[in-house]
Amino acid sequence: MSPLPAPSQHQSPSKSSTEPSSPEKKVPSNKPAPAEYKGIFPPWRRDALWPAARSSPLAQNGQLHAVMDGFVDILFPDGLIPFTADYRTSTSPSLTYTPMGISLSEIAALGDFPNYAELSGVPLPKAYSNFNIETALPRPYRPFRWAYHQTMSLTKLEADWWLEVEKSYVKRVTERKELFAKNGKQVLDYLPGSELGCKELMEMALQFLCARYPQYFSLTYSTEKGHVFHNRLLQNETVIRDMHPLHVILENVPEDFAVMVRNPEDGHYYFRAGLLCSSLGWTVATKLGLQLKEIHKPIPDYKEKMEFSMDR
């Protein structure tokens, strides 16, 4: 088994710091030569399968080891899952892969709620044991604290604070469910090919809540119901297999999510599923199915200043 070569970063040779600069030599940072993304893939994650297998139940561990032995890396690029395909209905799962190099047989062997901390490389949060929901306030967010520049505004994720719960939690969940009841596909919808992404998102979110706030959330499994999410703040439970993953999120996680899926035909990412109750000037229905540059077309200077960086 050999990893894929690192994707090209489209970097130009560095220039000496002593070379004089002039207005004529300045080139906009977002205008490199046109890029071909079909052969560029997300980070390779096959190396995380072994640690994930070790933390799985014995039966799943054995199944995963059995299917991992059948991987042939030279088949990977031609065996990518089709853009609109449902991963659950593949006729050749051992020869069909996600863009990160994991076969659909391996995904099936991992089962539901696998060890995403190992698979993603992002550790689960520390338990917030002295947390009190009745007095908890949201952390302040100051996006314009410094001089503003039009960039992607990427910041390092504090893993413990990915999803926050505070004293308005119950009210926010209720309001979001009311918005969906009133507006339907304007705030929640999904297209074919997004099934696996939605499932992974939902499972990671619930795992996070259970690890961060164990006094309020937990997951159980039974042969009768499968996985059940217990929410002591709402005083209810959600049978996971009874509803679409985005509806599980709607019922329990008061956050907005947009699922982007890589199209193997061109290597670009498209908006294929979303739960968005707080968007301004647009809705899920107006953007669903669009490529990144199409989504951001109304933004001034997006093409000149951000399109290349976003696509890359």
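Helix α7 (residues 245-252) is largely enclosed by the rest of the structure, because 6 of its 8 residues are buried; buried here means under 20% relative accessible area, with exposed over 50% and partly exposed in between (1.4 Å probe, protein chains only). The buried residues of α7 are Pro245, Leu246, Val248, Ile249, Leu250 and Asn252. Helices (H or I, at least four residues) and strands (E, at least two) are DSSP runs, numbered from the N terminus. The model is predicted, so local features need pLDDT of at least 70 and side-chain atom pairs count only at pLDDT 80 or more, while totals for chains, interfaces and linings use all residues. Residues are numbered from 1 along each chain as its sequence is written, and side-chain values use heavy atoms, with hydrogens and water left out.

Pro245 is among the residues closest to the centre of the second largest pocket, together with Tyr87, Arg88, Lys199 and Arg241. On a 1 Å grid over the protein atoms alone, a pocket is an open set of points with protein on both sides within 12 Å along at least five of seven lines, a cavity is a set where a 1.4 Å probe fits but cannot get out, and lining residues have an atom within 4 Å of a point. This pocket has a volume of about 420 Å³, a volume being the space filled by probe spheres set on the points, which are joined across faces, edges and corners. Its lining of 18 residues has 9 nonpolar, 3 polar and 6 charged members. Ala, Val, Leu, Ile, Met, Phe, Trp, Tyr, Cys and Pro count as nonpolar, Asp, Glu, Lys and Arg as charged, and the others, Gly among them, as polar. The largest share, 5 residues, comes from α6, and both α6 (195-212) and β3 (226-231) supply at least two.

An open sheet of 3 strands has the order β2-β3-β4, with antiparallel pairing; two strands pair if DSSP finds at least two bridges between them. β2 (217-222) and β4 (236-239) stand at the edges with a single partner strand each, so one side of each is left without a neighbour in the sheet. Between β2 and β3 there are 6 bridges, and serine 218 stands opposite histidine 230 in β3.
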